[in-house]
Amino acid sequence: MLATSLSFCDSPSLLLLNGGSLIGLLRIHFILLLFSSGSRQVKYMLMWVGHLRENSSMYKRAPSSRDYSTVDDVEENLDILDNGLDKGISNPSWKLSLPHVLVATISSFLFGYHLGVVNEPLESISVDLGFHGNTLAEGLVVSICLGGALIGCLLSGWIADGVGRRRTFQLCAMPMIIGASMSAATNNLFGMLVGRLFVGTGLGLGPPIASLYVTEVSPAFVRGTYGAFIQIATCLGLMGALFIGIPVKDIPGWWRVCFWVSTIPAVILAAAMVFCAESPHWLYKQGRTSEAEAEFERLLGVSEAKFAMLELSKVDRGDDTDSVKLSELLHGRHSKVVFIGSTLFALQQLSGINAVFYFSSTVFKSAGVPSDLANVCIGIANLAGSIISMGLMDKLGRKVLLFWSFFGMAIAMMLQATGATSLVSNVGTLYFSVGGMLLFVFTFALGAGPVPGLLLPEIFPSQIRAKAMAVCMSVHWVINFFVGLLFLRLLEKLGPQLLYSMFATFCIMAVIFVRRNVVETKGKTLHEIEIALLPQE
């Protein structure tokens with residue numbers, strides 16, 4: 001049937017038509033196809049027409065003086081593809097890829113756990129290791145992990161492209177196992193710091209690789225939902241660290257147990273990755289086509305693997321990932337999309353989210369709320385927002401969630417700034433400060449938390465995806481470090497009202513930036529997104 005349907009294109013008169021006219025006639029012919037052939041044939045037909053469209057004027061390319069299409073042009077291109085592919089095409093089973101995604105999110109659980117593991121036990125650690133009262137040493141135990149994370153993050157893209165996604169997960173688990181064991185067994189400050197540095201290296205490798213892997217192995221129609229698993233796993237890790245740390249004040253040396261426990265999920269991650277699928281996108285880039293198709297069959301089913309390989313072959317334009325240099329990401333033809341990604345992560349951190357996580361107990365204590373209850377409330381708000389975002393990610397879309405998330409965060413920061421003024425009573429201060437902080441965390445978890453890590457691997461072209469994620473996540477870690485370092489000093493110098501107003505301003509800037517620069521990727525395959533965002537050669 002497909003060969004018969006295509007035979008009309010052999011007419012000499014049709015060959016004289018321009019690309020737009022030919023596509024127009026094909027659209028009419030699709031109507032007949034939908035009544036006379038199965039969805040699989042239509043899918044291949046659409047694939048062929050997509051190839052024509054790529055070489056015709058149907059895709060709105062930016063003028064030669066610009067690298068990327070405007071947001072409106074890109075979204076129109078994506079809508080054209082979406083309208084064509086929605087009709088008569090069934091989605092692959094989500095059950096096949098789910099186990100692989102769940103294993104990958106163990107790295108996110110470890111990320112959350114190690115960020116929170118020293119919060120409760122820090123005082124006991126300082127007493128047992130002999131640096132109690134040394135605020136510099138206590139600060140180093142917390143912050144040296146961020147330094148290790150920056151190192152791991154900078155290397156993550158090159159490691160992922162060099163050895164593959166699965167082995168990178170295993171390499172991510174190894175320093176977490178070694179570092180946690182060193183921290184648990186040490187009897188001095190130096191051993192604790194070295195262990196935390198090792199753990200930090202693993203933490204830096206984990207988030208970008210988890211985002212990459214989930215994006216590349218997930219079916220398009222549930223990719224947003226699966227991406228939200230990363231944020232949920234991080235929340236569960238933070239809450240797990242809080243729960244494990246409860247007996248630390250009553251049982252001497254319990255902090256060692258807190259570190260030993262973290263080695264269990266790390267070992268599970270390293271072992272389970274042996275049985276998980278490798279990213280077909282990475283295998284295809286390595287020239288291992290048959291292996292890539294076999295992995296697609298594991299992830300999407302046999303019936304979908306051929307079509308996925310067709311899409312992958314169309315996206316691939318002979319680019320070599322090893323030839324992508326850092327200078328090209330910062331100043332070359334891909335610099336605009338890397339700038340968008342880096343700015344999103346920068347605005348995410350400048351919104352004040354980690355200042356809220358690090359110092360929420362201080363704010364709650366000033367409002368008369370115990371620190372334990374404060375941590376539980378923050379954890380519940382974070383988890384609730386993450387679970388809701390999982391249900392909305394593939395319904396409302398990434399851009400909508402990101403836009404309204406930053407907008408809600410701005411309102412929440414204004415509430416906290418209002419609570420810090422003398423215009424409200426003590427009861428009003430409680431409601432504005434505590435309510436504003438819980439609202440801030442909840443709205444962050446709805447979009448600003450999970451979306452950037454999912455959106456960026458979607459919009460980055462395949463040949464730069466891993467390295468671009470490494471660059472953008474490095475921006476995240478650098479700003480995270482400085483916000484944590486300077487927050488208390490700025491709070492003391494500027495006062496809470498001005499500081500919270502500054503955070504609210506960054507949130508408003510993020511709203512404007514998302515509206516003008518972010519494209520919607522909901523339900524689109526990586527192939528469709530890459531074609532629409534394709535830079536000029």
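Rings of Phe, Tyr and Trp (its six-membered ring) pair up if their centres lie within 6.5 Å; planes under 30 degrees apart count as stacked, over 60 as edge-to-face and the rest as tilted. This is a predicted model, where local features need pLDDT of at least 70, side-chain atom pairs count only at pLDDT 80 or more, and totals for chains, interfaces and linings use all residues. Residues are numbered from 1 along each chain as its sequence is written, and side-chain values use heavy atoms, leaving out hydrogens and water.

View 1. You'll find 26 helices and zero strands here (DSSP runs, H or I with at least four residues for helices, E with at least two for strands, numbered from the N terminus). Of the 537 residues, 54% count as buried (under 20% relative accessible area; exposed is over 50%, partly exposed in between, with a 1.4 Å probe and protein chains only).

View 2. Eight aromatic pairs turn up in a search of the whole structure. In the pair of F403 and W404, the ring centres sit 5.2 Å apart with 80° between the planes, which makes it edge-to-face. F403 is partly exposed at 21% relative accessibility, while W404 is exposed at 52%.

**View 3. W404 meets F407.** Here the centres are 5.4 Å apart and the planes are at 80°, so this pair is edge-to-face. Both residues belong to helix α21 (residues 398–419), three residues apart, or about one turn of the helix. F407 is partly exposed, at 34% relative accessible area.
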